[in-house]
Amino acid sequence: MTLHIKNGKGFGVVFWLPTSLLKSKFILKNIKKHCDTDIEPLIDLLPTINKSLKDYIKKNGHFVLVDIKSSDGDTVIIKV
């Protein structure tokens with residue numbers, strides 16, 4: 001998974017994150033700590049979601065999950 005962030009002036013940052021990070025205990029604990037909603041059902045489904053995502057990528061290739069462009073030229077792209 002890659003995260004591209006570029007501001008309107010041409011400066012940009014690219015982060016590469018492994019897809020398996022979605023099921024990390026560290027990430028889940030932080031989501032649980034900072035969210036007001038109950039994420040317990042989601043925690044049980046994360047291994048299934050991760051496997052389905054990997055199978056989809058093998059079959060169809062990578063895809064753009066988020067592509068946001070603001071009026072002042074800032075861009076955020078998340079590609080899985």
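Predicted model: local features only at pLDDT ≥ 70, side-chain atom pairs only at ≥ 80, totals over all residues.

Residues are numbered from 1 along each chain as its sequence is written, and side-chain values use heavy atoms, with hydrogens and water left out.

Now select residues 64-69 and 75-79. These are strands β3 and β4, paired antiparallel over 5 bridges. Two strands pair if DSSP finds at least two bridges between them. Together β3 and β4 make a hairpin, with 5 residues between them. Stop at Gly73 in the turn: its phi is positive, about 100°.

Next, colour by secondary structure. Look for 2 helices and 4 strands. Their order along the sequence is β-β-α-α-β-β. The radius of gyration (over C-alpha atoms) is 15 Å, well over the 12 Å that the globule rule gives for 80 residues, so the protein is more spread out than a compact globule. That rule is 2.2 Å times the number of residues to the power 0.38. Helices here are DSSP runs of H or I, at least four residues; strands are runs of E, at least two; both are numbered from the N terminus.

Zoom out to the whole chain. The C-alpha atoms fill a box of roughly 40 × 35 × 20 Å along the principal axes.

Finally, show the surface. How much of the protein is buried (under 20% relative accessible area, 1.4 Å probe, protein chains only)? Buried residues are 11% of the 80.

How values were computed
Buried < 20%, exposed > 50% of the residue type's maximum accessible area, 1.4 Å probe, protein only.
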